[in-house]
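Thanks for coming. I have one structure to go through today, and I will keep it short. Please have a look at it first.

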Amino acid sequence: MEVQIMCTKLIKPSAPTPPHLRTLKLSPVDQIQYSIKPTALFYYSADGSAEAEEVERRVNLLETSLSETLTRFYPLAGRYNEDGNWVDCTDEGVEFTAAKVKSRLGEVLSRRDEMIDELIHLAGGESTSAVTLIQVNMFECGGLVIGIRICHHLFDGFSAASFITSWASTAISRQLGLINDLDQEIISPTFDLTSILPPNDLPEMKPRPPLMGTDNGVTKRIVFDGGQISALRAISHDPSFPRKPSRVEVVTALVWRARMRVSLAKHGRLRASLAALTMDLRLRIVPPLPPSSCGNLVSMATARFVAAESGDGNTELPVPVPEVPELKILVGLLIDSMTKSKETVVIREDAFPTLLRTRNELYEAVEKGEVDVFMFTSWCNFPAYKIDFGWGKPVWMSRIHSGFEAATFLDTEGGDGIEAWLSFNKQEMPLFLQDKDILAFTSQEAP
């Protein structure tokens, strides 16, 4: 796939940021994030009006609506000051790149799994000083792919979703001539978490585990369709559960179980393991936060499995290698963890200490190396397939390769399935993909 950069420019807010908002102090949780820019790609098919003039009009609309959206999301046009842990909101601008792709969009969509390593060319540069990067890729057929990268020190996934949704709403309102009514429809975000949530009695942070890097890690994509997930939910439910498992919970359990098998093959014994799932803390904080509070407020729900001891302690006697637990056991652990996390109320003063203590527990487990720690992130229920800039909804949303070892779940286009984007160790990935449960319940070459 040949991508030709046509131009790169800085898109500034359409109105200057007021002087009293030009320095954004990052919260303690913002500061401990990895210095990465998570990426989302939105794919739009040609709709029959793919003339060069129409494509150019759409790119101009994206620029104009982005500039207007940045007046509300002004930190995204700033620059991150790593030494002082703040953002200079001086309206330097979002890095906006227009590119042409010498291919038809259908060729990418028909070879999604083969193209994973090349998708990075649609996402903009990683090393630039801008905290937000946007690349609009124009295909020969008139299709568009919009790549969006946002510095993790500023936004978590929930905040990024608010920005993308707001940008699309601004674009379609401008196209329909409704821009004067826009302020009544969009809630302005807030960026003052450090004043709303006092950073009191913060624990000392343990060192973060290193990222995998491109030499050690690889990203693959597998798909669970709606029928496969229904079958999983049926076989993994138990009458003793307080509720039926969600589709994310059963897919998490299946991936967790397959990774346990990989660990068993690697170590020759079944090790204790921990599944950590990201959760939005905003709805659990009291008093409630203002609507659209932006920043990093992601907590972790952790489910732990401890293997039963075998043998009598005599190392000379052969100890049988245990099998991984039944899927129901892992699903039950996940339901308990998710339910407790959702029902636990966090007062504002305890929000940051709670988040940091949770991270410390994970970092400590990774550092000791006695427990396998498996990370999971869900983007399911984010309205990815409703992001309409004025020429229709996307036919696909994807990620790119990540150096962070985790499984990330996205909705399929129909909404009832799950795409699992897996960034694992290169040596372990082949064994994982050949796991009998993964083969039985996924479509590894699905569109």
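This is a predicted model: local features need pLDDT of at least 70, side-chain atom pairs count only at pLDDT 80 or more; totals for chains, interfaces and linings use all residues.

Let me begin with the cores. The largest nonpolar core has 67 residues. Which of its residues have the most contacts inside it? They are Phe42, Leu119, Ile134, Phe163 and Phe389. Several elements each supply at least two residues of this core, including strand 3 (39-44), helix 2 (52-70), strand 7 (132-139) and strand 15 (396-398). Helix 4 gives the largest share, seven residues.

Setting aside neighbours within four places in sequence, Ile134 is in contact with Leu66, Val94, Glu95, Phe96, Thr97, Ile146, Gly147, Ile148, Phe163 and Trp167. Another core lies apart from the largest one and has 46 residues, among them Ile229, Leu254, Val331 and Phe424. As background, nonpolar side chains in soluble globular proteins tend to be buried together.

Now the helix pair. Helix 8 and helix 9 pack with their axes 9 Å apart, at an angle of about 80°. Angles of 65 to 115 degrees count as roughly perpendicular, so helix 8 is roughly perpendicular to helix 9. On the helix 8 side, the contact is made by Ile229, Leu232, Arg233 and Ser236; on the helix 9 side, by Arg247, Val250, Val251 and Leu254. By type, the residues of this contact divide into five nonpolar, one polar and two charged.

Next is helix 10, residues 327-343. Helix 10 has 17 residues, and from its first C-alpha to its last it reaches 24 Å, close to the 24 Å expected at 1.5 Å a residue. Its buried residues are Leu327, Leu330, Val331, Gly332, Leu334, Ile335, Ser337, Met338 and Ser341. What do the buried residues of helix 10 pack against? The partners are helix 8 (226-236), helix 9 (247-267), strand 10 (273-280) and strand 12 (298-305).

Last, Val3, which sits in strand 1 (residues 3-11). Is Val3 buried or partly exposed? Its relative accessibility is 23%, so Val3 counts as partly exposed, given that buried means under 20%. Not counting residues up to four places away in sequence, Val3 touches Ala99, Lys100, Val101, His121, Leu122, Gln135 and Asn137. Val324 is 321 residues from Val3 along the chain, and their C-alpha atoms are separated by 45 Å.

That is where I will stop.

Technical notes. Residues are numbered from 1 along each chain as its sequence is written. Side-chain values use heavy atoms; hydrogens and water are left out. Helices (H or I, at least four residues) and strands (E, at least two) are DSSP runs, numbered from the N terminus. The expected span of a helix is 1.5 Å times one less than its number of residues. Buried means under 20% relative accessible area, exposed over 50%, partly exposed in between (1.4 Å probe, protein chains only). Contact means heavy atoms within 4.5 Å. Axes are lines fitted to C-alpha atoms, for helices over the stretch in contact, and angles run from 0 to 180 degrees between N-to-C directions. Angles under 35 degrees count as roughly parallel, over 145 as roughly antiparallel, 65 to 115 as roughly perpendicular and the rest as oblique. Ala, Val, Leu, Ile, Met, Phe, Trp, Tyr, Cys and Pro count as nonpolar, Asp, Glu, Lys and Arg as charged, and the others, Gly among them, as polar. A nonpolar core is a set of buried Ala, Val, Leu, Ile, Met, Phe, Trp, Tyr and Cys residues joined through side-chain atoms within 4.5 Å.
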